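Subject: Structure handover

Hello,

Here is the structure you will be taking over.

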Amino acid sequence: MPIEDKWKANLEKVAFAKRFPGLLTEWRDCQGKTVEAVTPLTGRPGAAVVCFTDGTFFVVPPLAPQAWELSQALIDARPNLEPKHQSAYQEYDRLAAKDAEALRLARLDKIIGAIHNNVDRIPELKERIKALVQEWK
């Protein structure tokens, strides 16, 4: 079922993001490292991704990161991290594409289900759908 596939694909992507190479989760792990770049975290004012010269990175303020925050951190810090973690970004891109495709199919399934469940209750629905299909030809 597409909705379950979407849920599974997202879980797989999130699990990978949480074990992304170089992710530091404790301040003490940053000791002695040299900062290469600090990139603001899109969608979270005051937060940033600190990228270190050795390819490690830390999201500040320290998070028990929400899935979207960690994914956004990987996107925002990509210019600094990808040169050191190319294969990890390839895997992340594969999982993100899988998640996006599962979302697309889940939406399609919901739309078809809504039409199917309402066609008997809304008599003009069939005609409206037919007109819409003709409009697209």
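**Nonpolar cores**

The largest nonpolar core has 20 residues, and F20, V49, C51, F57 and L74 are those with the most contacts inside it. At least two residues of this core come from each of α1 (2–18), β3 (48–52), β4 (57–60), α2 (67–76) and α4. The most is given by α4, with four residues. Please keep in mind that this is a predicted model.

F20 is in contact with F57, L74, H85, A88, Y89 and Y92, leaving aside its neighbours within four places in sequence. Another core, of seven residues, lies apart from the 20-residue one; L24, C30, A48 and F58 are among its members.

In soluble globular proteins, nonpolar side chains tend to be buried together.

**Cysteines**

How many disulfides does a search of the whole structure find? The search finds zero. The closest cysteine sulfur to that of C30 belongs to C51 and is 11 Å away, which is too far for a bond, because a disulfide needs the two sulfur atoms within 2.5 Å. C51 is likewise in no disulfide, its nearest cysteine sulfur being that of C30.

C30 counts as buried because its relative accessibility is 12%. C51 also counts as buried, at 1%.

**Surface patch**

L105, L108, I111, I112 and I115 make a nonpolar surface patch of about 410 Å². With 30% relative accessibility, I115 counts as partly exposed.

Regards

Technical notes:
Residues are numbered from 1 along each chain as its sequence is written. This is a predicted model: local features need pLDDT of at least 70, side-chain atom pairs count only at pLDDT 80 or more; totals for chains, interfaces and linings use all residues. Side-chain values use heavy atoms; hydrogens and water are left out. Buried means under 20% relative accessible area, exposed over 50%, partly exposed in between (1.4 Å probe, protein chains only). Patches are made of residues with over 30% relative accessible area and no salt bridge: like charges are joined within 9 Å, nonpolar side chains (Val, Leu, Ile, Met, Phe, Trp, Tyr) within 5 Å. Accessible areas come from the Shrake-Rupley method with a 1.4 Å probe; for residues, only the protein chains shown count as cover. A salt bridge is a side-chain nitrogen of Lys or Arg within 4 Å of a carboxyl oxygen of Asp or Glu. A nonpolar core is a set of buried Ala, Val, Leu, Ile, Met, Phe, Trp, Tyr and Cys residues joined through side-chain atoms within 4.5 Å. Contact means heavy atoms within 4.5 Å.
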